[in-house]
Amino acid sequence: MKKMTLKSDYVTKAYSRKTIFRDVSFSVNEGSAFAITGKNGSGKSTLIKILCGLLTPTKGSVLLSVNEKTITPENYYPHIGLVSPYLNLYEEFTGEENLLLIKKIRGLNSGSDARINELLNEFNIYDHRKKEVRFYSSGMKQRLKYCAALLHKPVILYLDEPSANLDEMGIGIVRDAMNSEPATR
Amino acid sequence: MNPLIKIFISLVITAVIILGISIPTVHGAQGFFQFPFIPGLEEKARNIFFHVPMAWTSVLAFFMALYYGIQYLRTKNQDYDLRSVSSAGLGLMFCILATVTGSIWAKFNWGSFWNWDPRETSIFILLLIYGAYFVLRSAVEDDEKRATLSSVYSIMAGVTVPFFIFVMPRIMSGLHPGSLGDEQGKGPVLELKMSPNMLAIFFVSLIGFTMLYYWMYSLRIRTARVEKQLQTIE
Amino acid sequence: MFVVTTLSMVMFSLGSNTVPYEILSGMLWIVIFFSAMSGLSRTFVTEEERGTSLTLRLLTKAANVYIGKLIYNTVLITSLSVFIALLYQLVIDDFQIQTQSIFWMTILLGSIGLAAASTILAAIIAKANTKGTLFPVLAFPILLPLLLECIKTTVLAVEGAFFVEAIKDFQILISFIIVMIAASLMVFEFVWND
C-alpha cells in the first residue's frame, strides 16, 4: 500500500461575506477511515471540495503527500476518488461506456478492462452494464459512482453522502466493497 | 491627493481649453498667440488638443485595466479587481468622449458623423469590447467568479488588438489624419506639423488629461474600497 | 435547422434582385457566424447543467479538457460551415466561386478560428448567469478581425484572384488562430478551476 498523509491546517472558507467554517485542522494516514460529521449546511461538502482541490480555501492549507512526495492541488486527480451527489455521470451513455470513457480520459492501461468488470460485479450492477445511465434507478447510479471513483485505485477515497439513495441491500454491498478495497476515506 | 495638485490639474485643463479655442488660426503664424494653417485640418485642428488626449487616456486606462486583471489572476487579491474595474470604467468614459469629439469633427471635416474609417471602426470595437466587459460583469454575482471571468475576457480581447492594427488598414482605406489614405502624409501628430506653441499646448493637454485620469482613478478606487468595507460590515 | 431558416430568410430578402457579390460574401459569413454561435455556446453549458464538469475536473488536467473541447468544436464548426458553403452556392445563383482553392481554405481557416476563439468564451459564459444572450455579445468584438478577413478572401475567391494573392491574408488568419489558442491555454485553467 502506498504511504499517504492528508493534513488540513487551519482551513477556513468564506463566501464574500459569510464564513462557512474556520480553522479546521486534522491529519489522516493511509489505511484509516476518517469521518466528518455536522449539521446540514455546516460545510461538509465544501470541506470535501477543498480537500479534493476543487475549491481553494480562504485561509489555511491542505497538504497531501503520497509516498512522501507532496502533491500540488492541480495534480490531485490521479490519487483521489470522490463519490458525491453533485458529481454526475453521462446520462446518455451506458454504465459500461461511462467507465470506459473515464478509463480513457484518465489514460489508464488496457488491463483495467478487467478492473471495470470486477468493480461492476462487486457493486452488483454487472447485469445492467449495457443500459443507459438515465434508465438506472438512483441507487444503481450511486453504485456506479463508486465504480467510477475506484477505477484508478486511488490512495484516498472521499465519500460525500455515501449512503444517499441506497437501500439496505445497497448499503451492505458498499460496506463489503469498502472493506475489500484498500483505500483511505 | 494633495490639494495643490488638484488645483494644478484644474488650471492646466482650463488653460488648454481657453488657449486651444481662442488662439486664431492664420497663414504664416508668428508668436505664441497665433496657430499656423495646417492643410486639410484648418480651424478644425483645435480638436487635437481634446480628441487626441482623450483617446490616449482611454487607451492608457484600458491597458491599466488589463494589467490589473492579469495581476488579479496571479494573486487572487480582490483589490486588483477593484483597480481593474475602476480603470476600465474611466477608459470607457474617455473612449465615449473621444468618439463624440471625433464624430463631431468628422461631420465638419468629412461631411458625416460616421464613415467606418479604420480608426472609427477600431474605437467602435473598443466600445463594443468594454460594453461586453461590463455586461459580463453584471451577469455574474459571485465576487471571485466575476473578477476571474472579466479578467480572462479582457485578456482575450487584449490579444485581438494587434489584429485590428494590422487587419483594418488592409481592408479599408482611411480618412483619418495619419492613416494610409491621408494625402498629407503622416498627420499632424506623428509628423509634428504643429507649430511649437501648438505642440506645447498639445503636450500640456496630454499631461493634463493623464493626471485628470489618475485623479479620477484614485477617487474611484477609494470609493470602491469604502463600498467594499461597508458591504462586509453589513 | 437554423442554417435552413437563415438561408431561406436570406433568399426571401434577396428575391429576384441581383445583389453585388461583396454583399453575398458578407452574408455567407453572417450565416456561418450565427449558426456557429448557437452550437458553440453550448460547449461547456451542457457540462454544467448535467453536473459533469466536476467529474471532468477530477479526471484530468484543465489543458486536456480545453484541447478536447477545441478539437470537438473545430470538427463541429468545420462540417457546419462546409455544409453551409455548399448549400449557399447551390441556392444562390449570383454567388459563383472562381478560385475554389482560396474559398475552401477560407472556410477551413475561418472555422478553426471561430472554434479557437469561441471555446474559451463558451467556458466563460458557462459560469455566468445569463448564458444564451451573452455569448454573441462577448464573441462579436473578438471574432470581428477574423470575420473581416474571411469576407475579404471570400471576395477574392469570387473575383477569381490567384491563390498567391491571398497568402498574406491566410497568414493573418493562421496567426489569429495560434494567438487565440495560446492565450486560451494560458487562461483556461482560471476559468475552469473556478
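At 30% relative accessibility, C:Glu48 counts as partly exposed (buried is under 20% relative accessible area, exposed over 50%, partly exposed in between, with a 1.4 Å probe and protein chains only). The model is predicted: local features need pLDDT of at least 70, side-chain atom pairs count only at pLDDT 80 or more, and totals for chains, interfaces and linings use all residues. Side-chain values use heavy atoms, with hydrogens and water left out; residues are numbered from 1 along each chain as its sequence is written, and chains are lettered from A in the order in which they are written.

**Salt bridges**

- Over all chains, a search of the whole structure finds 11 salt bridges, each defined as a side-chain nitrogen of Lys or Arg within 4 Å of a carboxyl oxygen of Asp or Glu.
- In chain C, C:Glu48 forms a salt bridge with C:Lys127, and the closest N and O atoms are 3.3 Å apart.
- C:Glu48 sits in helix α3 (residues 42–50) of chain C and C:Lys127 in the loop between α6 and α7, 79 residues apart; helices (H or I, at least four residues) and strands (E, at least two) are DSSP runs, numbered from the N terminus.
- C:Lys127 is buried, with a relative accessible area of 9%.
- In chain B, B:Arg225 and B:Asp79 meet in a salt bridge through their side chains (2.9 Å, N to O).
- That pair joins helix α7 (residues 196–233) of chain B, which holds B:Arg225, to helix α3 (residues 78–109) of chain B, which holds B:Asp79, across 146 residues.
- B:Arg225 has 33% relative accessibility and counts as partly exposed.
- A network of salt bridges links B:Asp79, B:Arg83 and B:Arg225.
- In chain A, the side chains of A:Lys141 and A:Glu91 meet in a salt bridge (3.4 Å, N to O).
- A:Lys141 is in helix α4 (residues 138–150) and A:Glu91 in the loop between β5 (80–83) and α2 (95–106), so the pair ties together parts of chain A that are 50 residues apart in sequence.
- A:Lys141 counts as partly exposed at 25% relative accessibility, and A:Glu91 counts as partly exposed at 29%.

**Interface of chains C and B**

- Contact (heavy atoms within 4.5 Å) involves 31 residues of chain C and 27 residues of chain B.
- About 2700 Å² is buried between chain C and chain B, with carbon and sulfur atoms giving 80%; buried area is the accessible area (1.4 Å probe) that two parts lose on being put together, summed over both.
- Between these chains the count is 0 salt bridges and 1 residue pair in polar contact, both residues at pLDDT 80 or more.
- A polar contact is a pair of N or O atoms within 3.5 Å; within protein, one must be able to donate a hydrogen and the other to accept it, and residues adjacent in sequence count only if both atoms are side-chain atoms.
- On the side of chain C that touches chain B, the largest share, 12 residues, comes from α8(C).

**Domains of chain A**

- Chain A is divided into domain 1 (1–75) and domain 2 (81–185), with bounds from an automatic or database domain assignment.
- The C-alpha centres of domain 1 and domain 2 of chain A lie 23 Å apart.
- Their contact takes 18 residues from domain 1 and 10 residues from domain 2 of chain A.
- The area buried between the two domains is about 1100 Å², of which carbon and sulfur atoms give 70%.
- Across this interface the rule finds 0 salt bridges.
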